[in-house]
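I opened the model today to look up a few sites. My notes follow, entry by entry.

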Amino acid sequence: MDHDMHVRYRITRLRTSGLAAAMLVVSACGGGGSEPGPDEPGPDPTPTDTPVLTRTVVLQGLSNPWDIAVAADGAMFFTERCRGLSVRHTDGTVTRLFGTTGSALVAPDLACIGQSGVHGVALDPAFATNRTLYVYMLSGTAAPHTNRVVRLVLTSGYTSAGSRTDIITDIAFKEVANGVGGAGSHSGGRIRFGPDGFLYVTTGDNHNPSLPQSPTMIGGKVLRVTTNGTAAPGNSPPAGFDARIFTYGHRNVQGITFRPGTGQPFIAEHGPNHSDEVTALVNGGNGGWDPQNRPTLSCPSNYCGYAGNASTMPMTDLTRFPNAMAPSWNNGGASQGMGPAEFLVGAQWRAWNGRLAVGIMGGSRLIILELSAAGTVSSTVNASLPEVRYRGLTLGPDGNLYVATDTGEIWRVTPSAAPS
Ligand SMILES: [Ca+2]
């Protein structure tokens, strides 16, 4: 009896303690909102309800919008694959800042070939004071073309861009079509600052069988660099690897986001004809993708990436690389064009607070993944949103999710509690 009472007491204490912690989180995320009055209920400290999503079309008629970054002052920066970087000011007007003719700063070397062109955009952690941002783009400055990360400084009011500095210039590009696809394939291109203040850059394998496991070529990798493009301190790839490499052995990573609470990076990458993967990254880890020639397969252009199945050409080859990072989720074994990923953060996301949103292009949906503490996916649900190709996802400083679609639109998705 005493033992049972003691157990009940402990459970009560734990619940009370958990409640207090949850209430603190809600309070911290409340943004200084008004206190509930004496007759009003306080906020639900542990919402378990699915949020109601309100979708607003912020921009339409765009040309392949690819990525979005929202500043604390409400300015929304976005890229269009073949045009460049623009900003939507808070009054709704748009200024083309960087890219093709008509931009405030023209990039004469900008190229748009196949899947490649202008991809990711990220704001400097000190953007509010230094108005510096970063863009991933395909450049024809050198032959062959290269994918680059370019740093720009904006004028006050965001009316023009200058001080262009190409901080990474040697990300490989697929120059020539081969037996498995056209030029410009698999360029990666999402860029995000982590909570550690360093810039993470995702790259692709270019349909080049050697890239993912190459120690020196930086395609098929996740890079972690300073704002000057040099290797961030603490990267620990194997000996002999380029010091900018954070993880390697990837196919075509186009989503990266950081888990709230732990800061661990999670990526989303396309599978070939199977196994889209979400993977929690470990510093120096191998993603286990190796499309180099396999004697048992018939591989066009010596690229085996499409030649096998989940057993003979796995996205994570634990036979060749027993220590590879196992995926958190593999899309049920399917390949539906997994692209962007973003953690949802804040009490306004109700039960989805802390869950991972993943955009699917071929499969035309937004998936919400619930993760265990260990990082494996414990449940999935499709968001109630239109069936389009989800190209870009960004959580704004206002707590809303911004979505770029292949139908040329940017949406703001606002969560709220269902009316009781
Ligand atoms: Ca993998």
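How are the donor residues of the calcium ion spaced in sequence? I read the spacing as E-x9-G-x27-M-T.

**Ground rules.** I am working from a predicted model, in which local features need pLDDT of at least 70, side-chain atom pairs count only at pLDDT 80 or more, and totals for chains, interfaces and linings use all residues. Residues are numbered from 1 along each chain as its sequence is written, and side-chain values use heavy atoms, with hydrogens and water left out.

**Calcium site.** I looked up the donors, meaning N, O and S atoms within 2.8 Å of the metal, or 3.2 Å for Na, K and Ca; water is not among the atoms, so sites may look incomplete. The calcium ion is coordinated by Glu277 (OE), Gly287 (O), Met315 (O) and Thr316 (OG1), at 2.3 to 2.9 Å. Glycine 287 and methionine 315 are 28 residues apart, both in the loop between β17 (277-280) and β18 (338-343). Strands here are DSSP runs of E, at least two residues; helices are runs of H or I, at least four; both are numbered from the N terminus. I checked burial next (buried is under 20% relative accessible area, exposed over 50%, partly exposed in between; 1.4 Å probe, protein chains only). Glycine 287 is buried at 4%. Methionine 315 is buried at 2%.

**Core.** I took a nonpolar core as a set of buried Ala, Val, Leu, Ile, Met, Phe, Trp, Tyr and Cys residues joined through side-chain atoms within 4.5 Å. The largest one has 22 residues, and Phe77, Leu85 and Leu133 touch the most other members. β4 (84-88), β5 (94-99), β7 (118-123), β8 (132-139) and β9 (146-154) each supply at least two residues of this core. I listed contacts of leucine 133 (heavy atoms within 4.5 Å). Beyond four places in sequence, they include Phe77, Leu85, Phe127 and Val150.

**Proline 47.** I found proline 47 in the loop between α1 (2-29) and β1 (52-59). Proline 47 counts as buried, at 16% relative accessibility. Leaving out residues up to four places away, proline 47 touches Ala347, Arg350 and Ala351.

**Aromatics.** I counted ring pairs of Phe, Tyr and Trp (six-membered ring), with centres within 6.5 Å; planes under 30 degrees apart are stacked, over 60 edge-to-face, the rest tilted. The structure holds 10 aromatic pairs. Tyrosine 390 and tryptophan 411 pair edge-to-face, 5.7 Å centre to centre with 85° between the planes. Both tyrosine 390 and tryptophan 411 are buried.
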